[in-house]
Structure formats: C-alpha cells, structure tokens
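Subject: A structure for you to explore

Hi there,

Here is the structure I promised to pass on to you. Please open it and keep it beside this email while you read.

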Amino acid sequence: MFESGWAQQNPEAMGLPVALTDASIEEALDTVVHATAGLGFLEWTRYRAAAHLHALIVAPVEASDRRRLDAATQCAARIATVLSVSQGAADGILFRALVLRDRLPRVAECLRDGLLAPKHLHTIVTRTDLVDGRDYADEVDAEIAAALRRRRSWSDTRLRDMVDCIVHRHDPDAVRERRIKAKENRSFWVENAPDGMAAVGATLAAEDALLVATRVEALAANVCSRDPRSRNARASDALFALVTGTGFSCQCGDPTCTHTETDPDSISATTVVVHVVGDAATLDTSSPDSSPPDTASDTSGRSGFLHGHGVISPDHLRDLADRSDAVRRPMDATPAAHQPADPYRPSAALETFVRARDQYCTWPGCNNPAVTADLDHVTEYDHDDPAAGGQTTAVNLNGKCRFHHTLKTFTDFLDDQYPDPELPGRVLSTVTTPEGRTVPGPAHNGYDLHPELADVTFDDPVVHPPPGTESPPTRRRTRLAGRSCAATR
C-alpha cells in the first residue's frame, strides 16, 4: 500500500503541534492559520514541479510538435495518471503552472509565502488572461502581488474586484472588446437533471441579471413565516410565476393567511433598483474611445462598481448612466451626518457613502454586498447619553450582513474602526475573536476604486438629549463597555 510519508514527518519541524489534545482555542486557531499558509506553499511546490515537467517534456519539441497526441497532451496525461484525475483537470494544473511561471511570477511568490489562498488562484489566473503577452503584464503582476502583501483580509469578491481594477486600468480597450463579444454570445439553455427535474440558465448583462434576481426575490418574499418551502424553492416557484404570468401563493395551508395569491405584475420594474457607483468625470466623458488615464488622479477612464456584481468597465458605467430609467444622485461635498430629528439614524447621504465605501460586508472573508447590509455603529451608540460616544459618523459606521451584525451584537466578538494613519480620509477596521485574536479588516474597498471618497466629509454630529430626557442616564455603561469589563474580570 502506498504511503505519502507526510504522517511520518516531524510536525514540530514544520511549526505544527505534535498533538492538539491539550491545545487552547488560541493555539488551535494558530494551527489552522499556519496549516492554511502551508497549503499555499505546497500548492506552489506542486505548480513549480508541473512547470518543470513542461520544461523537460514539452519545451524541447514544442515548436515543431504537430502530433495529435502532442508532448503537452502527454505531459498532462502523466499528471492525470499519477494523481488519478481527469485529463481536463491535469490540463488545468499544467496551464496554471505555466501562468504562474511566465505571467505571474510575483503572484506565485505570494502563494509560496502563504499570502494567497489556493482557492483564489483560479480567480487571478482567469481574470488576467487579457494581459497575457502584453508589454504591461509585468506591471499587472507586480501590482497584484503588492496588493496581496497588504496585511489585511481578502474575500472572494474583494480579491476579484482588486484584479479587475488593475486589468481595467491597464487595458480598457481590451476590456471593452471582451465585453462586446460577451454580449454578442449571450445565451439561454435548458438542461435535464435527475428525478424529473431540469435546470434553466441564461447569460445576461449584469444589470439585467440583477433586475431579474431582485424581482424573483421580491415575489418570493410574499409568503408568511409558516410557508414550508426553502428560500431557493420559493425563488424557483416565483421565477415560474413571473415567466408564465400565473399567481404566486403562500403554501402554509392556513385559510386565514393573508398571502393568498400575489399577482406577478404587482412586482413592477419600478420597485427594482440597481445601485452603481461611478465618478462624475467618467460619466461626463464625451467619447467612449478616449485615451485611458495616465495618472491615478485622472478619473476619465476609471471603472465603476455595480453593487451585487462587482467592478465594471468605464464604458459599461456610461451605458448604465445613459439608460432612460437611470437616476443620477451626486454626492454633496459636506452633507449632514445624521437625520435632523434623530442623531442615531444616518442621513441618506451618509448611508450612500458608507455602502459605496465598504462595497461588501466588512467582516473578514464575507462576500455579501453592502447595499443590502445593515449599517452598524461600530462603537455602540449610547441612547441614554448620545454625547458619551458611539456617534453617527462615517468613521463609526460600517456595513455588516445580518448574520455578522447579529454575531457581533449577541456574542463576544468585537470590532473596531478608526482613521487610517497613513492615508488621511480613509478608515481601517478589525475584528477580535472572543479569545482576543485581532484580525485585520478588508484589504480592498471603495477607496481603491474611487480614491476621491477620502475627500468626502460630513458635518459633525449635533447631539441633543433624547426628547423628554431630563434625568441622568439609567445605564452606568454601554453594552459594549459592560461586555469588555466582564471579559477582564
């Protein structure tokens, strides 16, 4: 029987514990982090070996090999055989190995150093295919690697957006051409599935797909809490109702239920909103064929951000802004921070700003969009004594999906947010586990796409005592302060 030999290695030589039986929570978390970084190193080693196989088997005959089963096919077949994977999977391993060696050598070093999760490698490889063979490929590789070396956290969507920002900036013409081809190749299909089911799919413009999804979700929500279907099952039924024009009903079986039947036409397009963030200079550019910007301060060709989708090209941004149903809402230079009658509630301008700045839930690794997130006071707002702290400001607000907002509120996780000492106008955030391990917040957000967000300021909050409050505060400390005090006992 074949044994890999890994189990016989000395764990301590690799910085791992010999046994975890007596490990503390913090020690177990350290092991998880260290082992995950080790996965990156092993993946880098595997790709380096695959690239070496290519150099030995394929490179010597590549220029003249015209065989149907050429050297590249045979090289991948060797990998497929020894790993017991398909030929297609082995082709992918070999392809990524060559990309790391030839197109993205600095990104490969990040994988080696544990700064890039193996699951993110596919995203970087596919999103940089436009730069292959271009004279700026080295610059793209260096910029992506520099971003990965920021000592902050990445999620799938933030990493994808970071790569797209860099590629769009270097070659907007290639991005434009690929989008045109993608629109021309949009499609629709039906695929049989087991057990008498089938799958329906289509490729649409991102904004159209978001409109469809939002209408489906809005119709699917017209049920009571006793409806037995899962969220996905309700959405499937809602899609059918929208397409066929039939009514959508709650299936709780209660004759007194008020959600008896909803007309799909009642979910009108006017109730569906797609949020896009862009620069005024990009939108006002008279010609879509204008030259790309030469400096970071030139916004005439800067990409936009479509909430729920990600980074979009300048041309795509202009197309959306030129739609007959588009509404432009410029952001004032110094708007009010909170609603005049309620210092706890952010103003519409501040809410828009925070969602544009954060882009996604600010919890490390979360991909949920900020446009549907809760706005959370990072330092708890003191309703009894608003002047005591936790006020409604841009620095003290961030977006959290409902799950992570609930996690922070009802458990011993803590978070913090504060001005970036190196980049005035920006903010940094952290999350601290119940055991005291602090994890840095997002490495990429709206500031990286629209640096001028750092120039937006808000009026200082005007804090008034709550109406009718004439007695001293009833609480000695806020919930957050009470929790912190209890943790130190």
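Predicted model: local features only at pLDDT ≥ 70, side-chain atom pairs only at ≥ 80, totals over all residues.

Residues are numbered from 1 along each chain as its sequence is written, and side-chain values use heavy atoms, with hydrogens and water left out.

**The overall picture**

The protein has 16 helices and twelve strands. Both are DSSP runs numbered from the N terminus: helices are H or I with at least four residues, and strands are E with at least two. Of the 489 residues, 38% are buried. Buried means under 20% relative accessible area, exposed means over 50%, and partly exposed is in between (1.4 Å probe, protein chains only).

**An enclosed helix**

Have a look at helix α12, residues 314-321. Seven of its eight residues are buried, so the helix is largely enclosed by the rest of the structure. The buried ones are P314, D315, H316, L317, R318, L320 and A321. They pack against α8 (172-184), α9 (206-220), β3 (276-277), α11 (280-283), β4 and β5 (310-312).

**Salt bridges**

A salt bridge is a side-chain nitrogen of Lys or Arg within 4 Å of a carboxyl oxygen of Asp or Glu. By this rule there are 37 salt bridges. One of them joins R176 and D315, at 2.8 Å from N to O. This pair links distant parts of the chain, since R176 is in helix α8 and D315 in helix α12, 139 residues apart. Both R176 and D315 are buried.

D358 also forms a salt bridge with R357, and their closest N and O atoms are 2.8 Å apart. D358 counts as buried at 3% relative accessibility, and R357 counts as buried at 0%. Salt bridges that share partners also join D173, R176, D315 and R318 into one network.

Where do D156 and K119 lie? Their salt bridge has its closest N and O atoms 3.3 Å apart. D156 is in helix α7 (residues 156-170) and K119 in helix α5 (residues 118-127), so the pair ties together parts that are 37 residues apart in sequence. D156 is partly exposed, with a relative accessible area of 34%, whereas K119 is exposed at 58%.

**Aromatic rings**

Rings of Phe, Tyr and Trp (its six-membered ring) pair if their centres lie within 6.5 Å; planes under 30 degrees apart count as stacked, over 60 as edge-to-face and the rest as tilted. The count by this rule is five aromatic pairs. In one of them, the ring centres of F305 and Y360 are 5.7 Å apart and the planes are at 90 degrees, so the pair is edge-to-face. F305 lies in strand β4 (residues 304-306) and Y360 in the loop between α13 (348-358) and β8 (374-377), so the pair ties together parts that are 55 residues apart in sequence. F305 and Y360 are both buried.

Happy exploring!

Methods
Contact = heavy atoms within 4.5 Å.
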